Amino acid sequence: MIYTELKREIENFILYNYYPKPKQKRCCVESDGVLNIKHNPVFKSSETFTIFRERNDDFASLLNKYQENRKISDKKLMKLVGLDTEDLEKIKKGKRPSKTISVMLAIALKLNEVEFEDLLNMADYELSYSLKKDVIVRYFIRNKQYDVPLIGEAIKL
């Protein structure tokens, strides 16, 4: 159960860190790596640009680095995150994890805010200031509170 003081702190954090975005047409990256910017008001023409970026190898190596630094075995990490051996092996071989799994891995490793952001960025994710659940996760990371059930309860508020 969330204590009144903690609930108040989270609500204040949300008040100062949550920025809902107006709905608008967004640029999108097509599956072939082409950035379609037709609907972006910054660009006057309907040009498209190709994005070249290495993915996933960096996530796996950074995950391994953080795991080794904190001396957490694969078995313990799988238990903390709720993954099976096959799923963790796929991630470590370069499969891109979901945002939820990436966040859970970062929480299980008790990463600080900078490390947390770095790991998520390697999987092409970020904690958004326009999603309340992301702002709540940011609150707990910033305050070094890695209690997953408590974070889950706060998100349900």
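User: Which lysine side chain meets aspartate 134 in a salt bridge?

Analyst: Happy to start there. This is a predicted model, where local features need pLDDT of at least 70, side-chain atom pairs count only at pLDDT 80 or more, and totals for chains, interfaces and linings use all residues. Residues are numbered from 1 along each chain as its sequence is written, and side-chain values use heavy atoms, with hydrogens and water left out. A salt bridge here is a side-chain nitrogen of Lys or Arg within 4 Å of a carboxyl oxygen of Asp or Glu, and at 2.5 Å, N to O, the partner of aspartate 134 is lysine 99.

User: Is aspartate 134 buried or exposed?

Analyst: Buried means under 20% relative accessible area, exposed over 50%, and partly exposed in between (1.4 Å probe, protein chains only). With 4% relative accessibility, aspartate 134 is therefore buried.

User: How many of the 11 residues of helix 7 are buried?

Analyst: Helices are DSSP runs (H or I, at least four residues), numbered from the N terminus. The buried residues of helix 7 include Asp134, Val137 and Phe140. Helix 7 is largely enclosed by the rest of the structure, because the buried number is eight.

User: Which residues in helix 7 meet Glu113, Phe116 and Glu117 of helix 6?

Analyst: Good one to check in the viewer! Contact means heavy atoms within 4.5 Å. Salt bridges that share partners join Glu113, Glu117, Arg138 and Arg142 into one network. On the helix 7 side, the residues in contact are Val137, Arg138, Ile141 and Arg142.

Notes: Helix = DSSP H or I, 4+ residues; strand = E, 2+ residues; numbered from the N terminus.
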